[in-house]
Amino acid sequence: MKASVEQRLAAELEQFRKDGVYKRLNYLDSPQGPRVKMEGRGEVIILSSNNYLGLSSVPEVIAAGKAALDRFGAGTASVRFICGTFTIHRELEQALAELVGTEASLTYVSCWNANEGLCPTILGPEDVVISDELNHASIIDSIRLAKGIVKCQSAVYRHSDMKDLEEKLKAARSARTRLIFTDGVFSMEGDIAKLPDILELAERYDAIVAVDDSHGTGVLGATGRGTAEHYGLLGKVDIITSTLGKALGGAAGGFTASSAALIDYLVQRSRPQLFSNALPCTVAASALESVRYLRKHPELVARLHENARYFREQLTARGFKPLPGDTPIIPVILGETAKAIRMSEMLLDEGVFVTGFGYPVVPQGQARVRCQISAAHTRDDLDQALAAFVKVGKKLGLI
Ligand SMILES: *Cc1c(COP(=O)(O)O)cnc(C)c1O
């Protein structure tokens, strides 16, 4: 590497360290469960995994992946339209569409790719995409790409502010297509998009709605079918994108679910689909088994919410002020980034692995530790984590 480049990067890395925002990677040496083996630490309780239902280590999910490895081999060795489409992809895509309540779906190697494959593909210069200000980075980049590549227009509304969304829709009256794009569950706040109001506005202003339900799939609704099920609106959302890397087995992969025509159009035109390898079959099979397992075990979703309710209540009872909400994402706001990172380090010393987030992932002055609860946590896991919070909270003068 050229010395000048190396020096520039080293100086920036030094600044990250000074600012207290440098991220150290922790290496795990066991499956992603409620407790994991962390290199150099031994067993720790995880409070920052997206493994909401504990499916990543369910024997049936692992066995399905192994069987697919034997049946289909290690890789697809191609993109979908050349020779990378396997029967397991069709089975998975049918199951995913059924799960989220649409006609069809299409998988990608990540939800990041699913999002990036959406806006630049279906929009043009006559169209406007209207986005919640707290949307996930992959939605933001999808919109940036679409603006750069197909010159679509864009607008951003204040977080879950329906008046502002309406203003933006009014301003976009003359556009050919108005696309409202929102997270289903906002990952840093743990709050749920106001989907009934969004759909009502979409109806009134002739817009279509896309929901990225990465933190909603497997999590929200009585049977885990997502934000739409939570509100009794299954089948009413035009486009749903989501991940297979969170509740649905946690391996990797993402998908777009919508009408048969829109999905066929993505098969024809979506660039991450045309120019990047298909989802590995073993991953597809584990994800498919995760969907089937979820359909057979809705009690997992109930347990997830029971655990989340308990943890939120108990944090509050101990003097913390977690953000209120109905999801298993439970952020405790601390203010300065360095403080959040410090708290997460102190919690790790107490055997609890929970990540601190600061600027620019969350707004300046709103750094936080973000707890995420799983159906796999036992009461014992949660109580032990709460005891660690109390110990560290007292040391930091938070409670
Ligand atoms: C995690 C997440 C993603 C990224 O999912 P991958 O499948 O890991 O790329 C996209 N959107 C949202 C809202 C997420 O929370």
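Guide: What follows describes the sheet, then the helices on it, and ends with a pair of helices packed on each other. The model is predicted. The sheet is open and has seven strands, in the order β3-β9-β8-β7-β6-β4-β5, and its pairing is mixed. At its edges are β3, residues 104-108, and β5, residues 153-157, each of which pairs on one side only. From one strand to the next, the twist averages 20°.

One pairing inside this order can be followed in detail. Strand β4, residues 128-132, runs parallel to strand β6, residues 178-183, and four bridges join the two. In this pairing V129 stands opposite L179 of β6. On the sheet packs helix α9, residues 195-204, which touches β5, β6 and β7 (207-212). The direction of α9 makes about 155° with that of β7. Another helix, α4, spans residues 87-100 and lies across β3, β8 (239-243) and β9 (254-258). Helix α4 runs at about 125° to β3.

Next comes the helix pair. Helix α14, residues 299-317, packs with helix α16, residues 379-395, at an angle of about 25°, and their axes are 11 Å apart. Angles under 35 degrees count as roughly parallel, so α14 and α16 are roughly parallel to each other. The crossing of α14 past α16 is right-handed. On the α14 side, the residues that meet α16 are E306, N307, Y310, F311, Q314 and L315. Their counterparts in α16 are R379, L382, D383, A385, L386 and F389. Sorted by class, this contact holds seven nonpolar, two polar and three charged residues.

Note on methods: Residues are numbered from 1 along each chain as its sequence is written. This is a predicted model: local features need pLDDT of at least 70, side-chain atom pairs count only at pLDDT 80 or more; totals for chains, interfaces and linings use all residues. Side-chain values use heavy atoms; hydrogens and water are left out. Two strands pair if DSSP finds at least two bridges between them. Axes are lines fitted to C-alpha atoms, for helices over the stretch in contact, and angles run from 0 to 180 degrees between N-to-C directions. Contact means heavy atoms within 4.5 Å. Angles under 35 degrees count as roughly parallel, over 145 as roughly antiparallel, 65 to 115 as roughly perpendicular and the rest as oblique. A crossing is left-handed if the near helix is turned anticlockwise from the far one by less than a right angle, and right-handed if clockwise. Ala, Val, Leu, Ile, Met, Phe, Trp, Tyr, Cys and Pro count as nonpolar, Asp, Glu, Lys and Arg as charged, and the others, Gly among them, as polar.
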